There are 2 protein chains.
Amino acid sequence: MSSTLAQRVLAGDPRAMARAISLIENEDPASADLVRAIFSHTGKAYLVGVTGPPGAGKSTLVDRLTAEIRRAGLTIGVIAVDPTSPFSGGAVLGDRLRMQAHAADQGVFIRSMATRGQLGGLARATGDAALVLDAAGKEIIIIETVGVGQDEVDIIRTADVSIVALVPGTGDEVQALKAGIMEIADIFVVNKADREGADRLAAAVEANLALKSYGEGEWRPPLFKTVATSGRGVPELVEAIWRFRAHSKPTQAARRRTRSEYRLRELVSQRFMDRLEREVLSPGELGALVDQIAAREVDPYTAANDLLGRTLGQLPDRQITKSPHS
Amino acid sequence: MSSTLAQRVLAGDPRAMARAISLIENEDPASADLVRAIFSHTGKAYLVGVTGPPGAGKSTLVDRLTAEIRRAGLTIGVIAVDPTSPFSGGAVLGDRLRMQAHAADQGVFIRSMATRGQLGGLARATGDAALVLDAAGKEIIIIETVGVGQDEVDIIRTADVSIVALVPGTGDEVQALKAGIMEIADIFVVNKADREGADRLAAAVEANLALKSYGEGEWRPPLFKTVATSGRGVPELVEAIWRFRAHSKPTQAARRRTRSEYRLRELVSQRFMDRLEREVLSPGELGALVDQIAAREVDPYTAANDLLGRTLGQLPDRQITKSPHS
């Protein structure tokens, strides 16, 4: 079934794409097989990340971006990630509403994803969903996420270009400009720029940018004021995306490599825990150890070392196997 | 040195506490030894988590909470976590300003922590820092964090009671009430309640709470309107914390056990990756595999299985060692 699904994804079938992303979202074991089957066909799409605080009007902005990019004849996939919602029920309803604007257009595919309990699960799922859209031939993939925390940073790291959308009027310019956000932004947007405070916010961003000295030929994140509801400023924003793409061409491979490494580490860590529990430990053994920690009989570091010792040997400096592989 | 440090932490020495938390924040290997040494002395403090979007006035609210709880004669430790900032430089300056209000009071200890690159690293560091304050004899530990994303949820899971602080005037009530936040809140606060829109926001929260039916004896999160700058509503909020504490006494152990399990899993996963690289793989081997992924020659799932096979065996269903331990 999974190979058929992969073939249909590769053929660009929207129902197959939706089904594939559902498998990924549900962490269905078949999703790994699917990614295996499509992986060699990926790497062609350009990934655009859009993040920012709640209320910045990102959905509307992404809809406008989609329309504008589509006008240039490119096909688009949108993944709207909501790390604050553990359910995708509401998101799916939102998808329908958002899809209507592009309903007749086969070149646009929009999909929401909600969070999973698992640590880092959402960033991985987002990455895999982007692979599906990539394999299906979408030329531009927009990943939209709410928030300004570490997981949004992780999700945005998946992208080739990162757009940070801010909004005036929260009276909170300083918070919005926290170092973490300043560092991931390739392009800034002050959306709802017709609101009071837009100029002040833009000035605050510019003042922050002015603190850093940019070397010769180094990309200095530009700032655009947009009113997504009317489309004002959106063509200029799209222009800047293409400019960044051209500018970062020499470093794009390195950026993608970092992304691959990050995902591999995360995948190995998580799968190790699954397999340790299923294959190495007796049923209930992990639970018994947790009880001992809760009772303060064992500390978590000793417990962790003990568990690792079951597969890697007890001594921290002991060599296990060194194969000449790869 | 670490045992002396542990002894000084156990004696409640503020400089030792600060030093211990720095070790934890920097992921210094000595921090694990420290946690080992103090762990059996922990579990006595009550952990209060405070989260909410940027600009909700959490710092001021936490300062007021601190003063109010202190008035009841309890000692307090505060950990202010900023997941959006990769540097603690600014945070430390903030500490000094915030400490001044309680400068003469030995019963209050305030400390900021900034993010680390490592996935889940901040939640673990926050948990370990709370252990330090707990071992040092602080009776109430407040963990304050900015944001409404998954990592804040993870951090707040560390707490015995979770307070979600909202703020009117962002025009964004619906976003603030996303399911993830609704579910972790034991107590809601509408801070800056003298602002326009406070009643509307409070009504929106109440309307959301009304959607859920609470069983007989089940805790229904109360909502308080506060003006942290003046202290309005803060005594009532502290009352509610004590009420929740009494109400949740029967389930507190289970909640803490879940927290222990989560931390153990996370710790094992992360340490496995570290040891795999250091002890099992040849130098550069992981990098070569990442190159193959970047070149689309190997997919990440196959690569991950391959790496795991080096320690756990290749076949997914193969049994490795089953010890009768614990």
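Among contacts in chain A between residues at least 6 apart in sequence, what percentage join residues at least 24 apart? In this predicted model, the share of such contacts that join residues at least 24 apart is 77%. The secondary structure of chain A comes to 14 helices and 7 strands, and buried residues account for 57% of its 326 residues.

**Helix α4 of chain A**

- Helix α4 of chain A runs over residues 58–71, which gives it 14 residues, and the distance from its first C-alpha to its last is 20 Å, close to the 20 Å expected at 1.5 Å a residue.
- Just after α4(A), the backbone at Gly73(A) adopts a positive phi of about 90 degrees.

**Helix packing within chain B**

- In chain B, helix α4 (residues 58–71) packs on helix α11 (residues 234–247) at an angle of about 70 degrees, and their axes are 10 Å apart.
- Because angles of 65 to 115 degrees count as roughly perpendicular, α4(B) is roughly perpendicular to α11(B).
- On the α4(B) side this contact is made by Leu61(B), Arg64(B), Leu65(B), Glu68(B) and Ile69(B), while α11(B) contributes Val234(B), Pro235(B), Leu237(B), Val238(B), Ile241(B) and Trp242(B).
- Sorted by class, the residues in the contact of α4(B) with α11(B) are 9 nonpolar and 2 charged, with no polar residues.
- Elsewhere in chain B, the axes of helix α13 (residues 285–294) and helix α14 (residues 300–312) come within 10 Å and cross at roughly 160 degrees.
- Because an angle over 145 degrees counts as roughly antiparallel, α13(B) is roughly antiparallel to α14(B), and the crossing of these two helices is right-handed.
- The residues that meet here are Glu285(B), Leu286(B), Leu289(B) and Ile293(B) from α13(B), and Pro300(B), Ala303(B), Leu307(B) and Arg310(B) from α14(B).
- By class, the contact of α13(B) with α14(B) comprises 6 nonpolar and 2 charged residues, again with no polar ones.

- Helix α14 (residues 300–312) of chain A packs against helix α12 (residues 249–280) of chain B at an angle of about 50 degrees, with the two axes 9 Å apart.
- The helices α14(A) and α12(B) are therefore oblique to each other, and their crossing is right-handed.
- From α14(A), the residues that take part are Pro300(A), Tyr301(A), Ala303(A), Ala304(A), Asn305(A), Leu307(A), Leu308(A), Gly309(A) and Leu312(A); from α12(B), they include Arg263(B), Leu264(B), Arg271(B), Phe272(B) and Glu279(B).
- In terms of class, the contact of α14(A) with α12(B) has 12 nonpolar, 2 polar and 4 charged residues.

- Most residues other than glycine have a negative phi.
- In chain A, Lys192(A) has a positive phi, near 55 degrees, and lies in the loop between β6 (187–190) and α10 (198–211).
- With a relative accessibility of 24%, Lys192(A) counts as partly exposed.
- In chain B, Lys192(B) likewise has a positive phi, near 55 degrees, lies in the loop between β6 (187–190) and α10 (198–211), and counts as partly exposed at 24% relative accessibility.

**Two residues and their contacts**

- Glu277(A) is found in helix α12 (residues 249–280) of chain A and, at 31% relative accessibility, counts as partly exposed.
- Leaving aside neighbours within four places in sequence, Glu277(A) is in contact with Leu286(A) and with Arg265(B), whereas its C-alpha atom is separated by 54 Å from that of Arg232(A), 45 residues apart along the chain.
- Gln106(B) has its place in the loop between α5 (89–100) and β3 (108–114) of chain B, and its relative accessibility of 64% means that it counts as exposed.
- The C-alpha atoms of Gln106(B) and Ile76(B), which are 30 residues apart along the chain, are separated by 9.4 Å, and, neighbours within four places in sequence aside, Gln106(B) is in contact with Pro14(B) and Lys138(B).

Definitions and conventions
Residues are numbered from 1 along each chain as its sequence is written. Chains are lettered from A and ligands numbered from 1 in the order in which they are written. This is a predicted model: local features need pLDDT of at least 70, side-chain atom pairs count only at pLDDT 80 or more; totals for chains, interfaces and linings use all residues. Side-chain values use heavy atoms; hydrogens and water are left out. Axes are lines fitted to C-alpha atoms, for helices over the stretch in contact, and angles run from 0 to 180 degrees between N-to-C directions. Helices (H or I, at least four residues) and strands (E, at least two) are DSSP runs, numbered from the N terminus. Angles under 35 degrees count as roughly parallel, over 145 as roughly antiparallel, 65 to 115 as roughly perpendicular and the rest as oblique. A crossing is left-handed if the near helix is turned anticlockwise from the far one by less than a right angle, and right-handed if clockwise. Contact means heavy atoms within 4.5 Å. Ala, Val, Leu, Ile, Met, Phe, Trp, Tyr, Cys and Pro count as nonpolar, Asp, Glu, Lys and Arg as charged, and the others, Gly among them, as polar. Buried means under 20% relative accessible area, exposed over 50%, partly exposed in between (1.4 Å probe, protein chains only). The expected span of a helix is 1.5 Å times one less than its number of residues.
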